[in-house]
Amino acid sequence: MFKTLLIGESLLAQYFDFTEVNWERISNATQETLLMTIGSVIAVFILGLVIGLLLYETNGKKSLAVTILHGIVSILVNVFRSIPFIILIVLLIPFTQKIVGTMIGPVAALPALIISSAPFYGRLVEAGFREIDKGVIEAAEAMGANKWQIIYKILIPESMPSIIAGITTTAISLVGYTAMAGVIGAGGLGNLAYLEGFQRSQPTVTLVATIIVLVMVFVIQGIGDRVVDRVDKR
Amino acid sequence: MINLSNVTKRFDTKQGTLTAVDNVNLSIDKGEIYGIIGYSGAGKSTLVRMFNGLEKPTEGDVSLGNSIISKLTGKDLRQKRQKIGMIFQHFNLLWSRTVLENVLLPLEIAKVPKYEQLDKAQELIRLVGLEGRENAYPAQLSGGQKQRVGIARALANEPTLLLCDEATSALDPQTTDEVLDLLLEINKRLNLTIVIITHEMHVVRKICNKVAVMENGKVVEEGNVLDVFKRPQQEITKRFIRQDTDPESEDTDLVLSQVFADYPEGKLLHLTFNGENSKQPVLSKVIRNHPIELNVIQGSIQQTQAGSIGSLYVQVTGEQVVIKDVIRDLKDMNVEVEVIEHV
């Protein structure tokens with residue numbers, strides 16, 4: 001009893017040895033994680049909308065060319081959605097080096113982050129579009145709206161809650177991915193937890209990194225829920 | 001104003017070809033309120049969607065004014081559609097827009113100058129009686145109010161034609177009448193041609209001038225509402241009229257068969273009066289002039305746009321020859337007589 005308590009105490013002590021923590025590094029790592037997350041979320045949002053629109057608009061059309069296009073996009077989306085992220089980064093190393101010029105640093109993580117999440121978010125956007133009442137789209141057609149007007153006056157506003165909820169979920173998974181990207185050299189909190197926390201056995205650093213990631217996730221979820229609540233007038 | 005000539009629409013389905021609209025010919029004049037009635041699956045929704053090119057006929061032509069809608073595509077069709085309003089059973093409003101913004105939508109689509117949009121939308125909201133609710137969202141409105149928004153929205157680009165697809169079918173009877181009154185008022189005020197798709201004869205009777213009855217994709221009967229009410233030709237038309245004049249037709253059927261059983265010697269007559277002669281004491285005249293017994297089973301009076309229609313079920317007992325005279329006299333007094341042989 002006394003022994004386990006002692007072990008427990010020394011165990012706890014390992015996690016609360018703040019002398020190990022270099023706050024400047026923590027701050028840098030946090031900024032890197034934020035940079036990766038925000039940069040990839042913006043790109044994923046735009047790309048995902050495009051992919052979602054493409055999937056939605058090419059679905060169930062009579063033309064053979066359009067059906068083939070739908071098939072290709074659909075297969076690509078499913079393939080990139082299915083590759084485990086850690087493998088995708090490794091797989092994309094030559095591609096990343098070609099377009100970013102390096103494998104080190106937060107920017108180098110962006111291609112893998114975007115390519116892994118945009119298809120996933122695209123599917124969420126497509127599902128949001130599909131939820132829209134067909135009658136509303138028919139009403140717009142009856143008013144003489146063209147394709148483009150239907151997209152930006154009907155499809156996007158009417159699926160806004162799904163679009164926002166979807167990007168919230170995606171952003172949270174992206175925070176997780178940035179940590180994984182960190183392990184292979186992208187920097188950020190994942191990198192810090194791995195290099196200092198694990199390899200130099202400083203659990204306190206890992207704990208601090210974990211807490212910062214958790215705060216980020218909660219903040220993202222909180223903002224997402226608020227915005228969904230604001231835009232949803234149903 | 002609107003002409004449909006030999007319009008046929010077929011759909012290829014997995015079960016084979018489905019003929020939704022079968023060789024329909026219609027012509028609708030400017031300022032008319034034209035009802036198209038039929039049960040679900042009769043093809044009336046498909047038919048009305050050909051009026052604004054949402055569906056293309058497989059054969060035949062739909063023309064509006066001097067343009068053939070069914071031949072238009074792309075930009076020309078979209079511009080034409082701006083001049084054809086449409087309202088729907090489920091309103092099809094945008095939940096993400098307020099009442100005012102919903103009414104603005106067609107104006108934005110038609111690229112009406114910004115400074116005109118707001119005035120126009122507010123004027124329409126006043127017209128449909130929704131002042132004060134401009135900033136409400138559809139979710140905060142009742143069904144009748146939603147349909148008013150639908151009507152305001154449909155009128156935004158000053159259409160020459162308004163299509164109503166089961167526009168009152170999702171509303172309760174009271175609200176239905178309010179919406180119908182509004183449509184009638186708009187028709188009179190703007191001399192707007194209105195085409196109404198419905199499965200309720202009540203709607204046709206209340207506001208339509210003309211009616212077409214559809215069954216299995218065909219128009220089986222067509223004419224002035226009053227004439228069709230007075231002299232329905234087809235079984236389906238009679239059924240629709242009965243559903244309206246006599247909502248408890250099940251009960252009447254029961255009473256009629258009971259009377260048949262009790263008095264096999266008598267004759268059952270269904271009398272239809274319109275406007276003028278419904279004010280005459282027709283029944284007392286025939287009773288006074290002939291040695292018969294007369295038993296009233298069921299009766300009602302309905303208002304149409306062209307006057308009132310009375311419907312009366314009576315049982316007449318007496319000698320065969322006398323009953324024949326009675327029927328002749330009734331017909332002389334401009335009463336439609338239908339001898340009911342069996343129920």
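**View 1. Pairing of B:Leu163 with B:Val195 in a predicted model.** B:Leu163 has B:Val195 of β8(B) as its bridge partner. Strand β7 (residues 161-165) of chain B runs parallel to β8(B), joined by 5 bridges; two strands pair if DSSP finds at least two bridges between them. Strands (E, at least two residues) and helices (H or I, at least four) are DSSP runs numbered from the N terminus. The model is predicted, with local features needing pLDDT of at least 70 and side-chain atom pairs pLDDT 80 or more, whereas totals for chains, interfaces and linings use all residues. Residues are numbered from 1 along each chain as its sequence is written, chains are lettered from A in the order written, and side-chain values use heavy atoms, without hydrogens and water.

**View 2. Strand β3 (residues 33-37) of chain B beside β8(B).** These strands pair in the parallel sense over 5 bridges. B:Ile36 is bridged to B:Ile197 of β8(B).

**View 3. Burial of strand β8 (residues 193-198) of chain B.** Because 6 of its 6 residues are buried, β8(B) is largely enclosed by the rest of the structure. Buried means under 20% relative accessible area (1.4 Å probe, protein chains only). One side carries B:Thr193, B:Val195 and B:Ile197, the other B:Ile194, B:Ile196 and B:Thr198, all buried.

**View 4. Salt bridge between B:Glu108 and A:Lys153.** The closest N and O atoms are 2.9 Å apart. The count between chain B and chain A is 2 salt bridges (a side-chain nitrogen of Lys or Arg within 4 Å of a carboxyl oxygen of Asp or Glu). On the side of chain B that touches chain A, α3(B) gives the most, with 4 residues.

Technical notes:
Buried < 20%, exposed > 50% of the residue type's maximum accessible area, 1.4 Å probe, protein only.
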